[in-house]
Amino acid sequence: MKIERLMSIIVTLLAKKSVTASELAERFQVTTRTIYRDIDTLSLAGIPIYSKKGINGGFYLDEDYKLTNLFFSDAEKQLIYEVSHGLTKSVSHPDFEELNQKMSYLVDSSKKATPYLFDFTLWKTSQVMLEKIEQGIEENKTITFEYVSYKGETTFREVQPINLVYKSQVWYVYAYCLMRQDYRLFRISRMRQVVLLTNTFDPNTHQQMTKTTLDSFYSGLETKVEMTEVSLEFDKKARVKVYDTFQMKDIIELDNVLLVNKKFPKDSWLVEMLLSFGGSVRVMSPEWLKIDIMNEAKQILAKYDIM
C-alpha cells in the first residue's frame, strides 16, 4: 500500500544519509517514476526532503528533522521501543527489526528511559532450532521433531507451523499436527531433533492463532484433564518459592505458615512439583495425595543406604 511505502521511505531516509531513487525502487519493487511521485507527496506534506546530484547523490532529509507522532506520548513510544528491541533480540524477524528501527528514531534518548525491560530470549532453547521453526513459518514448510509430553511420553511429530506464541514466560509453536489431525500448542523446550522439510503447505488452509484461540487452550484444560481441589500448608521459610509458584489470590499468609488452596490436574506432575519444596510443605487434603507423596518419598529413600 502507498501509505506504508511512504512511511518506509521516511524511515529509510532517517536511517541513511542519502538514498537514490533506483535503490528505493528496487527495495519496494516499484518504478523510479513511482518513487519520484512518492517524494513529491512527502514534500507537499511538509517532510523536508532534499536531493543532490552526482555519484554520491540521492535524496536526504534535513539533519535537524525529527519524525513526530501525535498519537503516542514519549513514554508510550519508549515502551513500544523496548518491547520491539526485546523481540528483535529473541526472534530474528524482519517485521520486528523494522519496527525496532522505526521506534529508535521516534524515542528521545536524552529523556528518562522506561522502567520496564523486556527480554524474550530463550535461555533453555537452541537458537538454531528456533530459527528452523521461524523458517518453516516464513516459507510454509513442514517440520518434524521428537516431542516429550508433560507425562514424559515421547512421540515423533510432523507439523505445519503457523505461529510462535509467548505465554506465561514460555515459548510455544502453534501448528497443525499431521499425526493428531488437529491444531496443537507445542512447548519449544520439549522439542528435540527439529528438521525442516522441503515439502510445503498452503497457509490459507489454516487460521492464525488469536487471543480467543489461545485462551481456549487454557480454559478448556479443566474439561480435558481431571482436576482436584488441594489444600497445602507451607513453612514461612519457603515463602519466596511459594510466591514464585502460586498466584497471590491463592495464598493465605498466617503468622507462621502460608496456606494455599487451589485446583490442580490430578497427575504425577503434582507430586513432583510438591516434592520440590522438600520438607517445607504439608498436604492437608486430599488423602490420596498424602499417600502418593509418602510413597514417592519412600522410593527416594530406597535409593540410598539409609537404615
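**View 1. P286 sits in the loop between β11 (281–285) and α11 (287–302)**. Helices (H or I, at least four residues) and strands (E, at least two) are DSSP runs, numbered from the N terminus. A cis peptide bond joins S285 and P286. Its omega is about 5°. Most peptide bonds are trans. The model is predicted: local features need pLDDT of at least 70, side-chain atom pairs count only at pLDDT 80 or more, and totals for chains, interfaces and linings use all residues. Residues are numbered from 1 along each chain as its sequence is written, and side-chain values use heavy atoms, with hydrogens and water left out.

**View 2. L42 in helix α3 (residues 32–44)**. L42 counts as buried because its relative accessibility is 5%. Buried means under 20% relative accessible area, exposed over 50%, and partly exposed in between (1.4 Å probe, protein chains only). Leaving aside neighbours within four places in sequence, L42 is in contact with L6, I9, I10, I47 and I49. Contact means heavy atoms within 4.5 Å. M7 is 35 residues from L42 along the chain. The C-alpha atoms of L42 and M7 are separated by 9.4 Å.

**View 3. N140 in the loop between α6 (127–139) and β3 (141–148)**. Phi of N140 is near 55°. That is a positive value in a residue other than glycine. Most residues other than glycine have a negative phi.

**View 4. Q193 in strand β7 (residues 191–200)**. Phi of Q193 is near 55°, a positive value in a residue that is not glycine. Q193 counts as exposed because its relative accessibility is 59%.
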